[in-house]
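Hi,

Here is the structure I said I would pass on.

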Amino acid sequence: MTRIGNLKHQWCNYESLLRAYREVRKSKSNYYTFIDFERKLAVNLERILTSLINGTYEVKPYRTFEIYDPKQRTIHAPHLEDRIAQHSLMNAIRQTIENRFISNTFACIKNRGTHQASNILLRYLKNFKGVGYFLKIDIKKFFYTIDHRILKAQVERIIKCKETTRLLFKFVNNVTGVGLPLGNVTSQLLANLALNPVDHFVKRVLRVKHYVRYMDDMVLLHSSKKFLKRCLENIEIVISGLKLQTNNKTKICRLTEGIDFVGFRTWYNCRLIRKRSLKKFLRKLKRYADVEVLQSYLAHAKHTNSYKHLILKLT
């Protein structure tokens, strides 16, 4: 595919920044930061635009904090102005990069979320009727170990507009040269891109028909365990070339054991919410008694055989 150039005019204009601000502001309009920024909205957006035009734009320090969901992660929350610049940039480049993805790559892509990923897997499993094997691949400390040099080369094979790639990597660069900050909207797209070579290798070279990926969770299905072992050996070579490693969750198992994927445990004739996900939800509901949390989770549960069991627990 042809490399795309001349993108700066798409993200470096007032209208694009205003649209980006409105996207960032959604459901956060009562926060003091937004109220204060909006008092002089035009002036603030013009200031961002001027720095983007003359090349003096610099990323402000992140606000960092830890979350435990389910394991400890460090979140880097960007400054409001950086979030606006990121959204404006993403609106210009997202589709260009996503066009290079295979159809069975999910996560942070419009109309390709957890339910769609789970539905594809369930459809594949029905072809096997419980007879066969699955290979589950997980990357060790994925976001924290993505190599910037390799990632930049991947981006530059798609985008030839230097001002666009220069701004994009302002939200990536650090002293170590590895890792993407959890909290940047740009990190989601770039993390998906980081494993794009694996997707194309699996589909084009290994010619695996039944394959699905959600971020760094990959699942391959086949009737032959021996075939999946060979696949794993070859995929690990590709992953190693990206300076990444598989972790101890990577395994080959019988389909009868069920596949733990995107929050569900799935067989060809049954799909259940993971026990730890259910416990976490009930704990959160008891603590916050939040109607929106309840509605969101019930919508999630409706896709599974756990729904009636969950309703009984709540009544």
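Below is what turned up, going from the whole chain to single residues.

A word on the ground rules: this is a predicted model, so to speak, with local features needing pLDDT of at least 70 and side-chain atom pairs counting only at pLDDT 80 or more, while totals for chains, interfaces and linings use all residues. Residues are numbered from 1 along each chain as its sequence is written, and side-chain values use heavy atoms, with hydrogens and water left out.

**The chain overall**

The chain has 15 helices and ten strands; these are DSSP runs numbered from the N terminus (helices are H or I with at least four residues, strands are E with at least two). Of its 315 residues, 48% count as buried, where buried means under 20% relative accessible area, exposed over 50% and partly exposed in between, with a 1.4 Å probe and protein chains only. Among the contacts (heavy atoms within 4.5 Å) with a separation of 6 or more, 71% are between residues 24 or more positions apart.

**The sheet**

Five strands form an open sheet in the order S3-S5-S6-S4-S7, and the pairing is mixed. Two strands pair here if DSSP finds at least two bridges between them. S3 (105–106) and S7 (251–254) are at the edges with a single partner strand each, so one side of each has no neighbour in the sheet. S7 runs antiparallel to S4 (residues 133–138), and four bridges join the two. Helix H12 (residues 225–241) lies across S4, S6 (217–222) and S7, at about 15° to S4. For that angle, axes are lines fitted to C-alpha atoms, for helices over the stretch in contact, and angles run from 0 to 180 degrees between N-to-C directions.

**Cavity and pocket**

The search used a 1 Å grid over the protein atoms alone: a cavity is a set of points where a 1.4 Å probe fits but cannot get out, a pocket is an open set with protein on both sides within 12 Å along at least five of seven lines, and lining residues have an atom within 4 Å of a point. Points are joined across faces, edges and corners, and a volume is the space filled by probe spheres set on them.

There is one cavity of 30 Å³ or more, and the largest cavity has a volume of about 50 Å³. Its lining includes Ile146, Asp147, Leu242 and Leu244, and helix H8 (residues 148–156) gives the most to that lining, with three residues.

The second largest pocket holds about 300 Å³. Of the 13 residues lining this pocket, Tyr31, Arg63, Ala77, Pro78 and Arg83 lie nearest its centre. Helix H3 (32–39), strand S1 (63–68) and helix H5 (80–98) each give two or more residues to the lining.

Ile48 lies in helix H4 (residues 41–54) and counts as buried at 2% relative accessibility. Leaving out residues up to four places away in sequence, Ile48 touches Leu17, Phe37, Tyr57, Glu81 and Ile84. Ile48 and Cys12 are 36 residues apart in sequence and 9.4 Å apart in space, C-alpha to C-alpha.

Beyond its neighbours within four places in sequence, Lys8 is in contact with Leu52, Ile53, Cys161, Glu163 and Thr164.

Cheers
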